[in-house]
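Look at the structure, then test each label against its value.

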Amino acid sequence: MKKLILAIILLVIIISLLLWGNHHITGTRSQVTPPDETASAGSDNGTNSGHPNLPLIDPDADDDEAVDDGKAIYLTFDDGPSSVSGEILDILKEYKVKATFFMLEPHMKKYPEMLKRMVKEGHGVGMHGVTHDKNKFYHSEQTALDEMIKGQSALESITGVKTELIRTPYGSIPYLLDSYRKVLNEQGFKLWDWNVDSSDWALSSHKYINVTIKQIKHIEQSGTTPIVLLHDQAVTAQYLHELLDYLKANGYTPKKIRQDTKPYSFTCYDRCRHVKE
Ligand SMILES: [Zn+2]
């Protein structure tokens with residue numbers, strides 16, 4: 001009987017040792033990274049815990065930049081989403097082009113389905129703050145930063161997209177002082193102004209089309225990619241197809257602003273005159 005018990009104990013010990021050995025070997029193997037993965041792991045700054053969070057949606061997943069199909073132009077729509085976002089999206093879809101929307105946090109919450117559709121259809125999305133009130137937004141570095149962070153988290157919670165693209169209310173000059181830029185920069189935000197002002201908001205009529213085309217022609221001469229300021233509003237949607245017809249006929253392909261597109265912001269010499277007003 002004693003021999004039997006001893007034999008069982010011995011067997012248990014042997015099995016345990018074998019199992020431990022297997023785990024040990026497996027564990028060692030899992031730490032070996034194939035050579036081609038070492039480079040990417042290195043750029044991770046060692047933060048790979050082995051249990052990464054659920055992946056966020058990559059806003060640049062549909063790589064439309066990969067297709068070289070004519071002159072690029074960035075159409076940007078501010079202040080949305082709105083009740084006409086769907087109309088704008090329908091037109092963009094019809095022309096098979098992409099745009100970028102810089103949106104206000106309360107409007108994102110009011111039209112979450114529009115936000116989801118923008119992302120689903122491959123458009124660029126970014127923040128435009130919360131209040132759109134120059135006294136509140138530009139009150140301090142902190143208020144500007146807080147508004148953008150609030151917009152960023154609303155956008156992320158609705159769509160799963162974390163974007164760093166921002167456009168400050170009324171553009172960066174004259175209100176966005178260097179100290180503000182520094183704070184936004186440190187947070188990783190990428191500031192985008194424009195170089196074509198459609199004046200769609202001020203003109204509030206069909207006239208904005210000709211004003212825009214005239215500036216695009218001018219910008220083209222300098223070899224710069226046009227970045228067009230438009231607004232997510234009814235009158236803009238109403239005549240948008242005319243602008244898209246012009247762009248198509250003139251070899252332009254409207255594309256979205258990507259996270260890695262080099263940002264453009266105003267330089268003093270083309271905006272400083274506004275400071276005097
Ligand atoms: Zn605005």
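The questions below concern a predicted model.

Q: How many helices and strands does the protein have?
A: The protein has twelve helices and eight strands. Of its 277 residues, 34% count as buried.

Q: What makes M148 a buried residue?
A: Count its neighbours. M148 has 26 other C-beta atoms within 10 Å. The label buried needs 20 or more. M148 therefore counts as buried.

Q: Where is M148, and which residues is M148 in contact with?
A: M148 is found in helix α7. Leaving aside neighbours within four places in sequence, M148 is in contact with M127, G129, I166, L184 and F189. A contact requires C-beta atoms within 7 Å. As for F137, eleven residues away along the chain, its C-alpha atom is separated from that of M148 by 9.4 Å.

Q: Why is I213 called partly exposed?
A: I213 has 17 other C-beta atoms within 10 Å. I213 lies in helix α10, residues 207–221. Its C-alpha atom is 10.0 Å from that of V228, 15 residues apart along the chain.

Q: Why does H132 count as partly exposed?
A: H132 has 18 C-beta neighbours inside 10 Å. That value lies between the limits of 12 and 20, so H132 is partly exposed. H132 sits in the loop between β3 and α6. Its phi is near 55°, a positive value in a residue other than glycine.

Q: Is S199 buried, exposed or partly exposed, and how do you know?
A: S199 has 17 C-beta neighbours inside 10 Å. Again the count lies between 12 and 20, so S199 is partly exposed. S199 has a positive phi of about 55°, although it is not a glycine. Its place is the loop between β6 and α9.

Q: Why are α3 and α11 called roughly parallel?
A: The two helices pack at an angle of about 20°, with their axes 9 Å apart. Angles under 35 degrees count as roughly parallel, so α3 is roughly parallel to α11. The crossing of α3 and α11 is right-handed. On the α3 side, the contact is made by E87, I88 and I91. On the α11 side, A237, L240, H241 and L244 take part.

Q: At what angle do α7 and α8 pack, and which residues make the contact?
A: Helices α7 and α8 pack at about 35°, with their axes 9 Å apart. Their crossing is right-handed. E141, A144, L145 and M148 of α7 make the contact with S179, Y180, V183 and L184 of α8.

Q: How do you know that β1 pairs with β8, β7 and β2?
A: Count the bridges. Four bridges join β1 to β8. Five bridges join β1 to β7. Four bridges join β1 to β2. Pairing takes at least two bridges, so β1 pairs with β8, with β7 and with β2. The strands run parallel in the pairing with β8, with β7 and with β2.

Q: How many residues of β1 are buried?
A: Seven of the ten residues of β1 are buried, and the strand is mostly covered.

Q: What handedness does the unit of β1, α3 and β2 have?
A: β1, α3 and β2 make a right-handed β-α-β unit. P81 sits in the loop between β1 and α3.

Methods:
Residues numbered from 1 in each chain as written. Predicted model: local features only at pLDDT ≥ 70, side-chain atom pairs only at ≥ 80, totals over all residues. Right-handed = clockwise from strand over helix to strand, strands pointing away. Axes fitted to C-alpha atoms, helices over the stretch in contact; angles between N-to-C directions. Parallel < 35°, antiparallel > 145°, perpendicular 65-115°, else oblique. Left-handed = near helix turned anticlockwise from the far one by under 90°. Contact = placed C-beta atoms within 7 Å.
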